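Thanks for coming, everyone. Please look at the structure on the screen. I'll walk through it piece by piece.

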Amino acid sequence: MAETDYDNNNVKIITTEIQSENPVLIEGFPGIGLVGNIASQQIIDELKMEYVGSIDSRHFPPIAVLYEGLINMPVRIYESIEHKMVMIVSDIPINPVVAYDISKALLTWAKSINAKEIVSLAGIATMSEDHKVFGAATTLEMLDRIRDKVELFQMGTISGISGSIMGECLVREMPAISLLGSTMSQNPDPRAAAVVIDVLNLLYDFNINTESLIEQAEKIEIELQKLAEDVRTTEQPVGARKEFPMYG
């Protein structure tokens, strides 16, 4: 266990030692269109990031995630020493019951690894078929960095865990930006994730390929819809068939 591990009754963050000095911390939790989840996984794959740990909570659904026959933790942490970046990706939705605790734990841990800034990736529902990226920030300096790369989110709310994290960043005076890929659907939207990655490429000079996301959009949508249904099944009491707004 690393000295920076976080553990209380609700949330555990366990990693190996983070090697990057003052890393950028990027998070991608499932939300509208699964934009954050899809974008984060693409970044991890493209940059060949190393798995370094996980986040766990007694409030998470009882589920294990399989990838090519291997068991994975549903909320994972990766690092790229070359790019001085740490990535958090989740394959499960974060219930509002635990969102506050996760946000506090994540920011406490981010401070312990001396993260210099946080980037939150998520989706936003719009009526337009055009895929745009809306942006918001916790400081004027961070807002100026994204001003010419996104459409500024002038007024509204950021819901779910991403909104909770951004609020906690503001309270803790942690520089942070939120990148919201627009989508018309609650279904997985790899195309919305691709435009979010395009903005990250501009901000951090990543040169991450998004063509494979577009080419495999239909396959990704089917796979993630099945995962979402599996999680819904574990969340649902026996005999009940009511809708659980896990990706809204």
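First, a term: buried means under 20% relative accessible area, exposed means over 50%, and partly exposed is in between, with a 1.4 Å probe and protein chains only. This is a predicted model, where local features need pLDDT of at least 70, side-chain atom pairs count only at pLDDT 80 or more, and totals for chains, interfaces and linings use all residues. Residues are numbered from 1 along each chain as its sequence is written, and side-chain values use heavy atoms, leaving out hydrogens and water.

Now, two loops. L34 sits in the loop between β3 and α1. Strands here are DSSP runs of E, at least two residues; helices are runs of H or I, at least four; both are numbered from the N terminus. L34 has a positive phi of about 50°, yet is not a glycine. Is L34 buried or exposed? Buried, at 4% relative accessibility.

N22 lies in the loop between β2 (11-15) and β3. Its phi is positive too, near 50°. But N22 is partly exposed, at 37%.

Next, the core. A nonpolar core is a set of buried Ala, Val, Leu, Ile, Met, Phe, Trp, Tyr and Cys residues joined through side-chain atoms within 4.5 Å. The largest has 37 residues. Among those touching the most other members are I26, V119 and L179. Helix α5 gives the most, with 10 residues. A second, separate core has 33 residues, including Y6 and F29.

Last, helix α2. Buried residues there include V98, I102 and W109. Just after α2, N114 takes a positive phi of about 60°.
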